[in-house]
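Please look over the model below before reading my notes.

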Amino acid sequence: MGGGNGQKAKMARERNMEKLKGQKGSQLETNKKAMTIQCKVCMQTFICTTSEVKCREHAEAKHPKADVYACFPHLKK
């Protein structure tokens, strides 16, 4: 059987370093791509997981004179 605990720990560290090298880039790029919902009045973007409630809150707060469906046509069913 090869090596003691020190050697095993060293090998584990090396494996973890290799895994970390494969992860490049930042979460910001992924978040930018996920901003797919857009208010058609002010062109503000929202992340794809934004709920209908949040869209309605935005429309009522920012565009009280406009219809909710004018801001977010995807809410029409």
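The points below go from the cysteines to the core and then to the helix.

1. This is a predicted model, in which local features need pLDDT of at least 70 and side-chain atom pairs count only at pLDDT 80 or more, while totals for chains, interfaces and linings use all residues. Residues are numbered from 1 along each chain as its sequence is written, and side-chain values use heavy atoms, with hydrogens and water left out.

2. Cys71 is buried at 0% relative accessible area, whereas Cys42 is partly exposed at 36% (buried is under 20%, exposed over 50%, partly exposed in between; 1.4 Å probe, protein chains only).

3. The largest nonpolar core has nine residues, including Cys39, Cys55, Ala59 and Cys71 (a core is a set of buried Ala, Val, Leu, Ile, Met, Phe, Trp, Tyr and Cys residues joined through side-chain atoms within 4.5 Å). Two or more of its residues come from each of α3 (52-62) and α4 (68-71); helices (H or I, at least four residues) and strands (E, at least two) are DSSP runs, numbered from the N terminus.

4. In α3, Cys55, His58 and Ala59 are buried. They line one face of the helix, because they fall within an arc of 95° seen down its axis (the arc is that of the directions from the axis to the C-beta atoms). Val53, Glu60 and Ala61 are exposed on the other side.

5. The buried residues of α3 pack against β1 (37-38), β2 (45-46) and α4, where contact means heavy atoms within 4.5 Å.
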